[in-house]
Amino acid sequence: TKQNGDWHRIMESEVLDIQPQVTVAHLDVHPSQDAIVVHCDVDAVVQTEHGEPIIVDSKASQKVINVRGLSGRSDLASLARDVIMRGGLDPGYLMEVEQLLLYLKNRQLARPAQEDSFGRQRKNDLEVFSDTEPKEKANLSEVDEYLELLYDDLPSKVRGATMVLQLARIPDNLQEIANRDGLVLALVRVFRDDWKKSLDLAINIVYIFFCFTTFTQFHSLIAQHKVGSMCMSVIEHEIKRYQQLTDDMEVKRKNAKSSSASSEARRDYERIRKKYQIVIAKQETLLRLALYLLLNLSEDITVELKMRNKNIIPLLMTLLERKTPELVIMAVTFLKKLSIFQENKQDMANQSILKKLIRLIPHEHEILLNMTLRLLLNLSFDLELCETMIKEGLLPKLVTLLNNESERILVLCILYHISISEKCRPMFSLTDCIPMLMKMVLSVPEEPAEAEVVALGINLACHPLNAQKMSHGPGLKLLMAKAVKTSDALVLKMIRNISQHQDQSLKRQFLDYIPLLGTIIQQSTDDQMQLEALGILGNLVIADLNYLKIVEEFNLMQFISQKLKNLATEDDVILEVIILIGTLSIDEETAVMLTESGILDLLINLLRAKQEDDELVLQVVYVFYQLTLHQQSLQKLISESRIQTIHFSQIVACTKMLFPLTQL
């Protein structure tokens, strides 16, 4: 093999270094302890004398990080930072760790009835199968007897499967059970032939196979016997069966409630209804186990693709309509995993998944709400689905959830994705999102605002209706104070987006802050703060503003010349400086000063050097356009021999190409 060839080649040369490379695969909660499990891939990398890295071995590993002091009143954000630090994890996992801690806290509060990492209730014994709970305790030494029961009548098969299940629930027994080929084959045969005859039998056998799928080393065993395919058949059959039973019960209910129905008929209906509820409860347990088993198997992408080809998505979509939270959690969790791929996401969209999810938001079941929001977050990466969320009325529901501290970050991320669409932005002005957003930005005056909050604000400020709401009353004053006090360039960028709109009454609110902006431009050591301040000042196109006074008071000509001359100046800064020059050129006196300052030469050089940068060329041409609008600056342009070096044909071409696109 290639790996053996690499190894022999290494052995023939001198090995200089062997180092493990650790890559975090995914995070999960510990099944029983208050701990987070970090699943990693560890690669052994060998370097030859030529410095060539070669992976000679790779294996999966995991690290358990115990959570200290977790309780109902714990600060999850602080605990998450502690876990990140002790586990040596990348800070990018912070939000995921917080969500896992939330689950651990809820599981702790819900004990003794615990829930696993996918929200499925797990009880200490076999309470979920109370009808089939054995009176005797299973023993590994009696496996042959349990095997014989699987060849007997139906009650014996149920008893035999129940005893094997007791053993399978202990992880240490799984390898011993797997080694007994006869037992596994018998379980597969009974499952294939008899699962329709007894829900208890089907539940026990699926649970046994589920126990195997919790460990990846047994996945090949499950795949070998096509257990996953049989579980797909079980799910499809039980969904159809549920619909038929429900329709029959509805007919019986109407007959029992009719005025002509006798008291005996009503009693019969109540008796049948109780049996129906027992059957449905068992059926939902079977569906949850089958889904969880398939979810474990879907860790292999090829297996997941086979499930998709067998229409797992429509089946899961149907289960979203069920009322039992634990079953819906499994369906949502599975859909969340599938929604990573665009093809699956499109299938969900074609079947109107958002109409089914909207009823789950908000929801009293915290874990179901959390998983639904995570699914929506995956879906929100598609702008068409974001627009559909607006049409389905999801936006007000999401905004209301901003008050839910445990889900706030998830909701903010979804809202951020929605706000990327220009069509969706004006809809935010019809909700309470803007006031709530402003409150979150300004809540802690001494510290920078949360990145998720400001990112949403930056997008929303691009629409005039939202910008008006943000600047209403003391809003603009408070934002400016926040940005300056905390040196928060993101808040200043949000203010810059507010300043870009054509509303003159909105622009005039910035007049009081021009001195502050000039100070930031001249004195700030933060490049981003300086860039945003330049952008704000460049946006202030106000007819009667004394631009000449601003230029002289803050010595902007010198600042502009320095930035344009410095070859190390970033393109973003150069662009904002040119936009500022275009704004200053609105005033005739300032335009004349520009023509006499030598800045034109610098602009000409930029036009030649950056001719492939359409935005920069556009802004340079716009400067010349503004200078030609004033008689004195126009005469100065014409009289200057330096200007004759410009290829005016290029400028005209740029003007024809770019100006129609910009509506200058």
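Me: In helix 11, what separates aspartate 268 and arginine 271?
Reply: Aspartate 268 and arginine 271 are 3 residues apart in helix 11 (residues 263-297), so about one helical turn lies between them. An α-helix has 3.6 residues a turn, so residues three or four places apart point the same way. This is a predicted model, in which local features need pLDDT of at least 70 and side-chain atom pairs count only at pLDDT 80 or more, while totals for chains, interfaces and linings use all residues. Residues are numbered from 1 along each chain as its sequence is written, and side-chain values use heavy atoms, with hydrogens and water left out.

Me: And which side chains meet in a salt bridge at 2.5 Å, N to O?
Reply: The side chains of aspartate 268 and arginine 271 do, with 2.5 Å from N to O; a salt bridge here means a side-chain nitrogen of Lys or Arg within 4 Å of a carboxyl oxygen of Asp or Glu. Aspartate 268 counts as partly exposed because its relative accessibility is 26%, and arginine 271 is partly exposed at 45%. Buried stands for under 20% relative accessible area, exposed for over 50%, and partly exposed for what lies in between, using a 1.4 Å probe and protein chains only.

Me: How many salt bridges does the structure hold?
Reply: There are 23 salt bridges in the structure. One of them joins arginine 508 and aspartate 544, whose closest N and O atoms are 3.0 Å apart. That pair links distant parts of the chain, 36 residues apart, since arginine 508 sits in helix 26 (residues 504-508) and aspartate 544 in the loop between helix 28 (527-539) and helix 29 (547-553). Arginine 508 is partly exposed at 36% relative accessibility, whereas aspartate 544 is exposed at 58%.

Me: What about arginine 408, is it buried or exposed?
Reply: Arginine 408 is buried, because its relative accessible area is 10%. Its side chain meets that of glutamate 405 in a salt bridge of 3.4 Å, N to O, and glutamate 405 counts as exposed at 56% relative accessibility.

Me: Changing topic, how many helices and strands does the protein have?
Reply: The protein has 36 helices and 5 strands; these are DSSP runs numbered from the N terminus, with helices (H or I) of at least four residues and strands (E) of at least two. Of the 664 residues in the protein, 49% are buried.

Me: Why does the span of helix 31 agree with its 14 residues?
Reply: Helix 31 (residues 571-584) should span 20 Å at 1.5 Å a residue, and its end C-alpha atoms are 20 Å apart, so the two agree. The expected span is 1.5 Å times one less than the number of residues. Helix 31 is also mostly covered, as 12 of its 14 residues are buried, including Val573, Glu576, Gly582 and Leu584.

Me: Where is isoleucine 495 found?
Reply: Isoleucine 495 is part of helix 25 (residues 489-499), and it is buried because its relative accessible area is 0%.

Me: Which side chain does glutamine 99 join in a polar contact?
Reply: The side chain of glutamine 99 is joined to that of asparagine 370 by a polar contact of 2.3 Å. A polar contact is a pair of N or O atoms within 3.5 Å; within protein, one must be able to donate a hydrogen and the other to accept it, and residues adjacent in sequence count only if both atoms are side-chain atoms. Glutamine 99 lies in helix 3 (residues 94-110) and is buried at 7% relative accessibility.

Me: Which residues form a nonpolar patch on the surface?
Reply: Ile301, Ile340 and Phe341 form it, with about 280 Å² of accessible area together. Patches are made of residues with over 30% relative accessible area and no salt bridge, like charges being joined within 9 Å and nonpolar side chains (Val, Leu, Ile, Met, Phe, Trp, Tyr) within 5 Å. Accessible areas come from the Shrake-Rupley method with a 1.4 Å probe, and for residues only the protein chains shown count as cover. Isoleucine 301 lies in helix 12 (residues 301-309) and counts as partly exposed at 45% relative accessibility.
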